[in-house]
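This report is written for a reader who is meeting the structure for the first time. Please keep the sequence and the three-dimensional view at hand while reading.

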There are 4 protein chains.
Amino acid sequence: MLIGKHVVFLGGDARQLEVIKSCIEMNAKVSLIGFDNLQSPFSGATQRRLTKKVLSQADILVLPIIGTDDQGKISSVFTSEEIYLTEEHIKALPSHCLLFTGLAKTYLKNLCESNQVNYFELMMRDDVAIYNSIPTVEGALMMAIQNADITLHDSQTIVLGLGRVGLSLARVLQAIGAHVKVGVRKSDDYARAFEMGLNPFYTSELGEQVENADFIFNTVPAVILDSAVLSHSPYDVVIIDLASKPGGVDFEFAKKRGIKAILAPSLPGIVAPKTAGKIIARTMMKLMVENVAEEGNLQ
Amino acid sequence: MLIGKHVVFLGGDARQLEVIKSCIEMNAKVSLIGFDNLQSPFSGATQRRLTKKVLSQADILVLPIIGTDDQGKISSVFTSEEIYLTEEHIKALPSHCLLFTGLAKTYLKNLCESNQVNYFELMMRDDVAIYNSIPTVEGALMMAIQNADITLHDSQTIVLGLGRVGLSLARVLQAIGAHVKVGVRKSDDYARAFEMGLNPFYTSELGEQVENADFIFNTVPAVILDSAVLSHSPYDVVIIDLASKPGGVDFEFAKKRGIKAILAPSLPGIVAPKTAGKIIARTMMKLMVENVAEEGNLQ
Amino acid sequence: MLIGKHVVFLGGDARQLEVIKSCIEMNAKVSLIGFDNLQSPFSGATQRRLTKKVLSQADILVLPIIGTDDQGKISSVFTSEEIYLTEEHIKALPSHCLLFTGLAKTYLKNLCESNQVNYFELMMRDDVAIYNSIPTVEGALMMAIQNADITLHDSQTIVLGLGRVGLSLARVLQAIGAHVKVGVRKSDDYARAFEMGLNPFYTSELGEQVENADFIFNTVPAVILDSAVLSHSPYDVVIIDLASKPGGVDFEFAKKRGIKAILAPSLPGIVAPKTAGKIIARTMMKLMVENVAEEGNLQ
Amino acid sequence: MLIGKHVVFLGGDARQLEVIKSCIEMNAKVSLIGFDNLQSPFSGATQRRLTKKVLSQADILVLPIIGTDDQGKISSVFTSEEIYLTEEHIKALPSHCLLFTGLAKTYLKNLCESNQVNYFELMMRDDVAIYNSIPTVEGALMMAIQNADITLHDSQTIVLGLGRVGLSLARVLQAIGAHVKVGVRKSDDYARAFEMGLNPFYTSELGEQVENADFIFNTVPAVILDSAVLSHSPYDVVIIDLASKPGGVDFEFAKKRGIKAILAPSLPGIVAPKTAGKIIARTMMKLMVENVAEEGNLQ
Ligand SMILES: NC(=O)c1ccc[n+]([C@@H]2O[C@H](COP(=O)([O-])OP(=O)(O)OC[C@H]3O[C@@H](n4cnc5c(N)ncnc54)[C@H](OP(=O)(O)O)[C@@H]3O)[C@@H](O)[C@H]2O)c1
Ligand SMILES: NC(=O)c1ccc[n+]([C@@H]2O[C@H](COP(=O)([O-])OP(=O)(O)OC[C@H]3O[C@@H](n4cnc5c(N)ncnc54)[C@H](OP(=O)(O)O)[C@@H]3O)[C@@H](O)[C@H]2O)c1
Ligand SMILES: NC(=O)c1ccc[n+]([C@@H]2O[C@H](COP(=O)([O-])OP(=O)(O)OC[C@H]3O[C@@H](n4cnc5c(N)ncnc54)[C@H](OP(=O)(O)O)[C@@H]3O)[C@@H](O)[C@H]2O)c1
Ligand SMILES: NC(=O)c1ccc[n+]([C@@H]2O[C@H](COP(=O)([O-])OP(=O)(O)OC[C@H]3O[C@@H](n4cnc5c(N)ncnc54)[C@H](OP(=O)(O)O)[C@@H]3O)[C@@H](O)[C@H]2O)c1
């Protein structure tokens, strides 16, 4: 429980609302900064302005999932004001205050480290990446079904990468009835894919493997579907590229060859914003409770 | 094989192209009527006009999936001409000629029966309905993912009906990670659902069952989701109604209550036209070969 | 509920104990005949002798799963006495009395029919066959694992028949990682197997299909694995024959050829007697409640 | 390929035969030491005695899966002679020679290291552990089915540990229809189990979790099912302990409480010796080819 703890939210998007809701439910004292346009305000939370005073009373400070930009700008979809997080603000935080964000860019990282602020980057966590693989998979399914004139069922389907996303994806495609092959580079991934009936191959042989592919789903963050590989694939293959920008496909070559290749980033927030918000809320709550409790013990 | 057999196609849509292709591959002599605007004409098939002469030489006559209308009009997306199938045409067919269509309305049925023409309705077949359940399921998935802000995974999901579509659908939803419950009315369907881990209930208890539903997929061709039932469901449930028109939902009531309910007919041709065409081609070929062979034996 | 109803049990084996338990729980008045050696007697049930008097007061009479033999002999593992069910006994039953058994042989059938006794044969029901397929499958798995020196995973496995047992079995073998092919003879079974990824073939081609089989599971109650077929199979194939006696294998030929073929009847009672008992109890309770209620309405 | 390479086998059990077969197929020159009682000798391999001469001509030396004992004794089921591997033997090996075994005890490890012999321990590899999880799972299934009077289907089943064995096992139990819960201690394992529908819990709460368990499968190599936990479990739970000796159960307490708890070590070699042999052969071949090729490049 977070009874008596003061949690300050500084900006964010729809996903943050789930976190605010959870904090209120856990009896924290909640302050919101940069949420003045919120359509249905929370009973149990107080709107405030960004001042050193407020921050000096924070036990927990929650920044947006995307942190700040390189100038310290905080983005919030719920305000029209510009908000900047400065060194002064950070210095105002009490020493026991915990800071939560999704990903910390250099600016924020430096600020925290030089001022000894204990910060948590949620998107760097393995568990969060696995939870996020779930809406990612559903988004990938949707895109594949929208973009092909055949079914996934009974199709020749390749999944590249057996990491957090790849494993979830390959399993679901198999369950839908696709003939799945998985491209990996480690022998233990090869063995796991074999155990799961996922027909592994080593990505070193990718050229031959794509020859009769109907669908290719990429999760490898490297240009693995380059011109050499694509020149072996059928013209009517559908490629869904999930790897973060710039993706894993030579898109220019694909276009020239008439291959449909689609870069599909940020699917969780698009296909299932509420689930995406809950994933963050759940993990943040767990971390808050664990770390605040620890604090308590130390005092 | 169909060597030497004369197959005449009379109208149709994209799905028919797969059947034409298959007939050519099986060495039939192929005539096309009502295909004059075909973009890439088939080598191996001859374009013809609708005459009694051509029909009198047909071993097999293939009508569109949707047959004729009640005046005998043949629809074809590949011609701008109007084509009508009359009693004269039917009388011109040799007595051994087989007629294939998807569904025969009364007009066509009467014509065939009063003239002793042996006809096959593909869409009445159990196997075709099962094959078609596959693209139907993928279309339903796509619509559910598009229309909800949560994932199917970990959702409370109800499938109504465990027939040809319902069984395929429930299985896939379960594999994706939904908590699936299946509404049935026969004790053997109940038992099969139990065996497959699909948490059956009898549709007589539908009211209580919908209380915490996130998704409801309906395959029952009867207004089963009526106002009495819908008044028990959450406001934010997403309903995908697959049953043929008018569907199984009291749409007016759903709208009043603010429930998202979507009628989603004819999915196979929409989400996977090529697969839908292949399903028809494969079944038609099988029937042709079986029945022509028999004929052969009799001669 | 069975409040006030008098249920008389006449013999049976361990599976009947679950039924007795259920009747007591539903507040029936329970009489037991042929249970004098019961180790832990039921509180809530009365031991009796077989008399016309008792029977004349029965609302429901429950015979063993295997009914009577052709002389009317009732088998019971819980008594050392010989018990016979005669026409006199049947005549003593009140006209509204319902009789339950697993399977009625000619003797019992005739008795019931000539005396207008309303009887239920549980093992003839589709739902019971499906429920029983579950322990049957687990028994078949166990026997296959015991009898081979390779894993089911990654094996070439054939399931013959896609009926109540075949469907359950094929699904589980596939989930364990076997490469499953299913032999069927109906086009809709073929389609369903295809939809489920079970690689169907028609049993007319069985000879070619067995050529590289590691395991064959038979559920077809006909000698389908005859010498002609077996002469195509590898020597080290393991055959588990589930079909009721005499099974579906030419065992003599198999032995000559050195093939391990095992007839495995009555698995539910062997591998999971408690589950097998519950299946019967659940179905019998449902039927009793439904039919007794109906009775009630009529009176 | 291993053309021209000299592979020397020194002892072993049935699993080694698959390796020998593979080496012959890959055109290696094969010498066998300690295989004089082999029932069906390999054409393509030569029986030899253990001499320094033979070893001095070896490119690859293959020891038994279990290596040597602490005195250097080599066990072989195919000879009645006693064979010892001494420092002299190791010194005789050419410097490029590769040594393969399953697990190297201190004696062998020291010998190899002090003489700079390049050795490979197969059982330490992640991929081998995953491959071996497959026959382990089938053995565990078999034992569970044999030892319970209910089905796995619809049972309350707990799997402890989501490592190489735990993941394979939980997946299969779920597919068979058990209600599976998985006990883990890492948040990413928790997330993966959630994604796979495996209902995770933290092992810190094990006590409450076992309360309605029908089956518990343990893969955690620590006494996790201690008296405190077992005192919460039902009397009729069936425990299958897969962890290597001494296992994860307080067996004495279990016995006192009347709980059936079975330690089931070394399942792969017992339930599927041929598959177990192939796993080793496949991995060894891969390593030989990779490492011999490298050698070749260096020369
Ligand atoms: N589109 C979306 O909505 C969305 C959502 C989530 C994640 N993502 C993105 O998807 C990608 C995968 O995410 P993840 O969480 O699955 O990451 P991950 O767990 O690190 O998986 C990446 C996989 O790619 C493999 N890989 C990396 N480089 C490779 C190479 N050169 N050749 C062959 N395989 C290689 C890795 O293998 P090793 O283990 O051998 O390195 C691993 O299997 C990331 O770019 C991530 O940002 C996108
Ligand atoms: N949207 C699309 O793209 C698409 C594609 C294919 C099919 N469809 C349509 O989907 C529907 C289902 O097709 P199908 O092939 O699955 O048909 P089906 O095999 O006949 O299945 C219909 C199911 O509904 C049950 N049912 C019927 N009336 C009921 C009632 N009053 N209460 C409870 N259950 C009832 C049936 O149970 P019993 O067995 O007990 O009768 C059966 O399980 C049809 O309307 C079909 O035209 C739509
Ligand atoms: N060993 C045990 O413990 C155990 C437990 C339960 C049942 N059984 C036995 O297992 C057998 C199957 O039971 P079930 O409940 O699954 O029966 P079922 O539902 O009737 O299934 C039998 C299957 O065999 C097929 N078949 C029948 N004759 C055939 C033939 N000549 N060629 C090809 N296929 C043929 C049927 O196809 P069609 O639909 O085309 O006829 C059907 O798919 C029965 O003998 C039953 O007594 C044994
Ligand atoms: N019976 C057989 O035939 C057979 C066959 C193969 C293997 N085995 C044995 O089975 C065991 C598991 O093998 P494996 O390959 O799956 O090993 P593994 O991959 O290391 O898995 C062990 C699992 O146990 C967990 N664990 C360890 N200590 C724990 C603790 N104190 N509390 C909670 N969880 C704990 C580990 O979690 P962390 O990741 O958090 O450490 C991991 O998930 C080993 O003892 C192995 O020798 C037996």
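This is a predicted model: local features need pLDDT of at least 70, side-chain atom pairs count only at pLDDT 80 or more; totals for chains, interfaces and linings use all residues.

Residues are numbered from 1 along each chain as its sequence is written, chains are lettered from A and ligands numbered from 1 in the order in which they are written, and side-chain values use heavy atoms, with hydrogens and water left out.

Polar backbone atoms of chain A approach ligand 1 at several points. A nitrogen atom of the ligand lies 2.7 Å from such an atom of Ala264(A), and a nitrogen atom is also 3.1 Å from one of Leu242(A). For Leu162(A), the polar backbone atom is 3.2 Å from an oxygen atom of ligand 1. Ligand 1 taken alone exposes 930 Å², and the protein buries 76% of that (accessible areas come from the Shrake-Rupley method with a 1.4 Å probe).

## Surroundings of ligand 3

Around ligand 3 there are 20 residues, of which Arg164(C), Val165(C), Lys186(C), Ala264(C) and Leu267(C) are the closest.

An N or O atom in the side chain of Arg164(C) is 2.7 Å from an oxygen atom of ligand 3. Backbone atoms take part as well: a polar one of Val165(C) is 2.8 Å from an oxygen atom of the ligand, and a polar one of Leu267(C) is 2.6 Å from an oxygen atom of ligand 3. Taken alone, ligand 3 exposes 920 Å², of which the protein buries 76%.

## The two domains of chain A

Chain A is divided into domain 1, covering 6–124 + 273–298, and domain 2, covering 128–265; these bounds come from an automatic or database domain assignment. The C-alpha centres of the two domains lie 36 Å apart.

Contact (heavy atoms within 4.5 Å) links 5 residues of domain 1 with 4 residues of domain 2 in chain A. Between these domains of chain A, the rule finds 0 salt bridges, a salt bridge being a side-chain nitrogen of Lys or Arg within 4 Å of a carboxyl oxygen of Asp or Glu. The area buried between domain 1 and domain 2 of chain A is about 500 Å², and carbon and sulfur atoms give 71% of this area; buried area is the accessible area (1.4 Å probe) that two parts lose on being put together, summed over both.

Technical notes
A polar contact is a pair of N or O atoms within 3.5 Å; within protein, one must be able to donate a hydrogen and the other to accept it, and residues adjacent in sequence count only if both atoms are side-chain atoms. A residue is near a molecule or strand if one of its heavy atoms lies within 4 Å of it.
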